[in-house]
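Dear colleague,

I am handing over the structure that we spoke about, which is shown just below.

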Amino acid sequence: MNLKYDVIVVGGGHAGCEAASAAATLGSKVLLVTMNLSTIAQMSCNPAMGGIAKGQILREIDALGGYSAIVTDETMIQFRMLNKSKGPAMWSPRAQSDRNLFSQKWRKVLENNANIDFWQDNVTSLMVENKCVLGVRTSHGVEFHCNSVIITSGTFLNGSIHIGKNSSMGGRLGESPSNGFTQDIATYGIVSERLKTGTPVRVDGRTIDFNRLVEQPGDKQPGKFSFLETTPLINQKSCFLAYTDTSVHDILRTGFDDSPLFSGRIKGSGPRYCPSIEDKIERFSDKDRHQLFIEPEGWDSIDYYVNGFSSSLPLNVQYEALKNIDGFQNAKILKPGYAIEYDYFPPTQLNYTLESKFVSGLYFAGQVNGTTGYEEAACQGLMAGINAHLKINNRDPFILKRSEAYIGVLIDDLITKGTKEPYRMFTSRAEFRILLRQDNADTRLTRYGYELGLASVERYNRLVEKEGLIRRIIGIISDHKIEPDEVNSYLEKKSTSAISIKTSLKQILLRPQVDLSGLIQNVNSFRNRLSDLFNYTLFDEALESAEILVKYQGYLDREKEMAGKILRLENTTLHEDFDYSKLKAISYEGREKLSKIRPRTIGQASRISGINPSDISVLLIHLGA
């Protein structure tokens, strides 16, 4: 047995997989310790990846050289681009995944990396000396030594499962929790709190009457997540829509007296944006119905996930309510819905690298930082893995700005503002969402990944080719002019005014009714000028980006200007040992928050809850900025 590693990753979920893969790919010798090697990258909740803002994060992970997008592409059973009717800043890719294949594919990715070893065990304590991590101890009495530890324990730390009046210890239904590790971590001054999340019933698809549901098929031309060539999705499985009604709500209410949520037995805060069904009908009592998404769990699985029906009510209440949903009259439950309460460590105790402020070499990623969602966990794991490797090798840390990536927004939000409820990413959390689109994640981030040694040469070369195509397409759009008789019939079809003189193609494309694909199909001279580019593999991808850059140039320029102004504040640094108590012109709350969080820059200080603009002015005056 090898007992000495560069990096030890505790936990084999989405954060743990990306952390182990990133550190190992960069050259660190990694040990992945997990309680069950059979559940690596388990999709504990819904069998899906991506979605609003989450799809952008997945593409950012891929652009940097992570694997979540590749695994998703190779295991998805449906693809949809959400919000296509809105502007491109809102477009968000989402995929249904084959739950079992997803886990198997991730396991294979990790096993194919010679720098990763595996150990099935429960980590019970850290080994720390002089505030530096030295390794971990396990329940089997083994001591593994290392330079860095990344904790990605998900919901397993002192996990407690609730179904009605019944409570049991567990990290997931049927799986043991990790007890005692939180208490050990607390001995180093790191504070823990409790959060709650939940999951719905799984239903036998053979007992659902799909004819009574609304079918929700995938896109006719399914996309993908990875910027690399992955297996295209040809056949797809449909999802379905169902609805609760007042009779279902009335049945659910009969279980409220036994609900751990309403009785106070659950102390942790639940996810605001993915509440349980009982929480929804209580909070939105004026609503007569709620929409449910019925999602298949795999190509050959009979399991269906009832998204929107999370519950910790007694099982008999869950069952009776389910059978009153149209299409579920004969439904059989495979697994009950339940709530799970678990420990997390408020992320204001971390640096931007996700390293603890209290113990050098100790990193936290995923749900232990208070987030919810596979994508939020995976990107934290990626960043922790990168930074753990960089620190060991005395290299500068890798930190993404809010103007560079949703990953930067997420980490800045966590360590600056903290969270008292499971944090979920939304496009509305990003000030620069027109810059942070899903289509340009590679142009924003792949050079970083390549310079780090994480993104491959193949990935970098594809980026260079795509950027060259975008420049050529925009060049043709900008200098090409068309006669009225070439385009007016197309403009008429699009219900936009005809032109009377030779007009720049760019001016016509700026009309909201007009798109590039339509112009290519209807304007022969334009199609002929582009014909040399049609055979490039990345042409369609480059065409989409080029159209966005032309149509939204004014908005993009304004966001870049705003980002530049904010960057000046980000570059105004604050010393780590700055004594805020001396600045009496700052409010008491402000001094207290600044002393606790220790922001690195004026920009970070300005985003701390409780810090007023006047407090920032005082800091700027004091610094002479």
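**A buried loop residue**

Thr152 counts as buried, because its relative accessibility is 6% and buried means under 20% relative accessible area, with exposed set at over 50% and partly exposed in between, for a 1.4 Å probe and protein chains only. This residue lies in the loop between strand E10 (148-151) and E11, where strands (E, at least two residues) and helices (H or I, at least four) are DSSP runs numbered from the N terminus. Once its neighbours within four places in sequence are set aside, Thr152 is in contact with Val9, Val10, Gly11, Ala15, Gly16 and Ala365, contact meaning heavy atoms within 4.5 Å.

Please keep in mind that this is a predicted model, in which local features need pLDDT of at least 70 and side-chain atom pairs count only at pLDDT 80 or more, while totals for chains, interfaces and linings use all residues. Residues are numbered from 1 along each chain as its sequence is written, and side-chain values use heavy atoms, with hydrogens and water left out.

**The chain as a whole**

The protein chain has 22 helices and 22 strands. Its radius of gyration, taken over C-alpha atoms, is 26 Å, close to the 25 Å that the globule rule gives for 625 residues, so the chain is as compact as a globular protein of that length; the rule is 2.2 Å times the number of residues to the power 0.38. The C-alpha trace spans about 80 × 70 × 55 Å along its principal axes. Of the 625 residues in the protein chain, 57% are buried, and among contacts between residues at least 6 apart in sequence, 72% join residues at least 24 apart.

Strands are said to pair if DSSP finds at least two bridges between them. Strand E7 (residues 123-129) and strand E8 (residues 132-138) are antiparallel and share 6 bridges, with Ser125 opposite Arg137 in E8. The hairpin that E7 and E8 form has 2 residues between the strands, and Asn130 in the turn has a positive phi of about 55 degrees.

E8 is also joined, by 3 bridges and again in the antiparallel sense, to strand E9 (residues 143-145), and here Val136 stands opposite Phe144 in E9. In this hairpin 4 residues lie between the strands, and Gly141 takes a positive phi near 85 degrees.

Strand E11 (residues 160-163) runs antiparallel to strand E12 (residues 166-169), the two being joined by 4 bridges, and His162 has Ser167 in E12 as its bridge partner. The hairpin of E11 and E12 has 2 residues between the strands, with Gly164 at a positive phi near 60 degrees.

**Cavities and a pocket**

On a 1 Å grid over the protein atoms alone, a cavity is a set of points where a 1.4 Å probe fits but cannot get out, a pocket is an open set with protein on both sides within 12 Å along at least five of seven lines, and lining residues have an atom within 4 Å of a point. Grid points are joined across faces, edges and corners, and a volume is the space filled by probe spheres set on the points.

There are 2 cavities of 30 Å³ or more. The largest cavity, of about 50 Å³, is lined by Phe227, Asp442, Thr446, Arg459, Arg462, Leu463, Lys466, Leu538 and Glu541. Helix H12 (441-452) and helix H13 (457-479) are the elements that give two or more residues to this lining, and H13 has the largest share, 4 residues. By class, the lining has 3 nonpolar, 1 polar and 5 charged residues, where Ala, Val, Leu, Ile, Met, Phe, Trp, Tyr, Cys and Pro count as nonpolar, Asp, Glu, Lys and Arg as charged, and the others, Gly among them, as polar.

The second largest cavity has a volume of about 30 Å³, and strand E13 (residues 193-204) gives the most to its lining, with 3 residues.

The second largest pocket holds about 1400 Å³ of space. Its lining has 40 residues, of which Lys84, Gln221, Asp540, Glu541 and Glu544 are the closest to its centre. The largest share of the lining, 9 residues, comes from H18, and by class the lining has 16 nonpolar, 9 polar and 15 charged residues.

With best regards
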